[in-house]
Amino acid sequence: MIPRYARQEMVDIWEPATKFKIWYEIEAHACDAQADLGVIPRENAEAVWKAKDVEFDVARIDEIEAVTKHDVIAFLTHLAEHVGSEEARFVHQGMTSSDVLDTCLNVQLVRAADILLANLDKVLAALKTRAYEHKNTVRVGRSHGIHAEPTTMGLTFARFYAEMDRNKARLQAAREEVATGAISGAVGTFANIDPRVEEHVCEKLGLRPEPISTQVIPRDRHAMFFATLGVIASSIENIAIEIRHMQRTEVLEGAEFFSMGQKGSSAMPHKKNPVLTENLTGLARLVRMTVVPAMENVALWHERDISHSSVERGIGPDATITLDFALNRLAGVVEKMLIFPQNMLDNMNKFPGLVMSQRVLLALTQAGVSREDAYAMVQRNALKVWEDRVDFREQLLADKDVVAALGVDAINAKFDMDYHTKHVDTIFARVFGE
């Protein structure tokens, strides 16, 4: 992932030095367990820990791999350079490369998930704050991009909060699902290594033993993890699209914060473009791009092949680093977002009273008019508002059929804006539990 869209905390998880440190811990803990079981001498297990403070030389490991053409063997060779060949001769006893690679990958994914969960908390806090701030700020709701009925800006933020809260639960479940390790040997049968070694290593690394592995941890776990990241990315885009629409010149109900010295266009000095949320839409595409390859990794030949390996070397860092950046950017956008309540009212009144059409329709049916006739009566007046920008209430009061069915007072009563916000508290209680 390019540095432009990366934060160091997440990048660090995927650095080669971090990976080799995790590999080392897996091997060292496995040696401890083997010594406890009497499989290898205690002094050899203790000797491995001489390297606990070593910063493994990535360049040296790459140099060895250029000859061995095998990354794990290259690492083990380098480890022996620090520990001593004789002392290190029991390292990797009964293990296969995937025991190290897969357990390490899941440690990295769990650590990445923890950062992403903290990011989601930031987004949720920002959305909740803005929801309560604009709980009763009335704006027009839109379906198909067309004015529908009144809602509130607070409800807009609240629905995004609920969506992100579901995503948090999904990510917690995905983290739990991928938090397994395997130290089970060549085809997962524990033929050359005791299952208690796996249990010990997993306990030390904060994982659970994989109930049944082959030479790899089953990739359906990873598919679900990346699918969850894809859903979160789609939710980010959902919020970003709404903000982008609100910032359109002819709408301008909300906008990204525009800082001093910021420029919107190299050609047009007047421009204030929604560049952050447009960027979020693009970043969401990058995260979703990793989902299908993760699903295709599920089907491997027999006990395993390595068709998944090159894929995961790319999508592991790319998906988590990109999503980490996107969530942090989204939290900042929501926190600083500008809201324009008067513009919301002005937009609703561009077609005066039109958003109350359903109330009139329902009142007519309750007054004894058939639904077909009621619809026709309301629509013929509504179309005049569309075409001539006249006031909908005035049109209804001038329609003798509507007045005959409802009366003047009843028509006027149908234009009370509070009618549409009377259950906002109920919705907020459902969403926020308060």
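Student: In which helix is the place of Asn 44?

Tutor: Asn 44 sits in helix α3, residues 42–48. The model is predicted, so local features need pLDDT of at least 70 and side-chain atom pairs count only at pLDDT 80 or more, while totals for chains, interfaces and linings use all residues. Residues are numbered from 1 along each chain as its sequence is written, and side-chain values use heavy atoms, with hydrogens and water left out.

Stay with Asn 44. Its relative accessible area is 9%, so Asn 44 is buried. (Buried means under 20% relative accessible area, exposed over 50%, partly exposed in between, with a 1.4 Å probe and protein chains only.) What does Asn 44 touch, leaving aside its neighbours within four places in sequence? Asn 44 is in contact with Glu 86, Glu 87, Arg 89 and Phe 90. (Contact means heavy atoms within 4.5 Å.)

Now step back to the whole chain. It has 19 helices and six strands. (Both are DSSP runs, numbered from the N terminus: helices are H or I, at least four residues, and strands are E, at least two.) Buried residues make up 49% of the 434 residues. The C-alpha trace spans about 100 × 50 × 40 Å along its principal axes. The chain has a radius of gyration of 30 Å, whereas a compact globule of 434 residues would have one near 22 Å. (The radius is taken over C-alpha atoms, and the globule rule is 2.2 Å times the number of residues to the power 0.38.) Take contacts between residues at least 6 apart in sequence: 75% of them join residues at least 24 apart.

Next, look at helix α12, residues 307–336. Helix α6, residues 97–133, comes within 9 Å of α12, axis to axis, and the two cross at roughly 15°. (Axes are lines fitted to C-alpha atoms, for helices over the stretch in contact; angles run from 0 to 180 degrees between N-to-C directions.) So α6 and α12 are roughly parallel to each other. (That label is for angles under 35 degrees; over 145 is roughly antiparallel, 65 to 115 roughly perpendicular, and the rest oblique.) The crossing of α6 past α12 is left-handed. (Left-handed means the near helix is turned anticlockwise from the far one by less than a right angle; clockwise is right-handed.) Among the residues that meet are Leu 116 and Leu 120 in α6, and Leu 323 and Leu 327 in α12. This contact divides into 13 nonpolar, three polar and six charged residues. (Ala, Val, Leu, Ile, Met, Phe, Trp, Tyr, Cys and Pro count as nonpolar, Asp, Glu, Lys and Arg as charged, and the others, Gly among them, as polar.)

Helix α10, residues 275–288, also packs with α12: their axes come within 10 Å and cross at roughly 155°. That makes α10 roughly antiparallel to α12. Here too the crossing is left-handed. The contact includes Leu 280 and Leu 283 of α10, and Leu 323 and Ala 326 of α12. Its residues are eleven nonpolar, three polar and one charged.

Finish with the backbone. Most residues other than glycine have a negative phi. Phe 190 has a positive phi of about 60°. Phe 190 lies in the loop between β3 (180–181) and α8 (195–205). Its relative accessibility is 23%, so Phe 190 is partly exposed. Leu 252 has a positive phi of about 45°. Leu 252 lies in the loop between α9 (220–247) and β5 (254–255). At 31% relative accessibility, Leu 252 counts as partly exposed.
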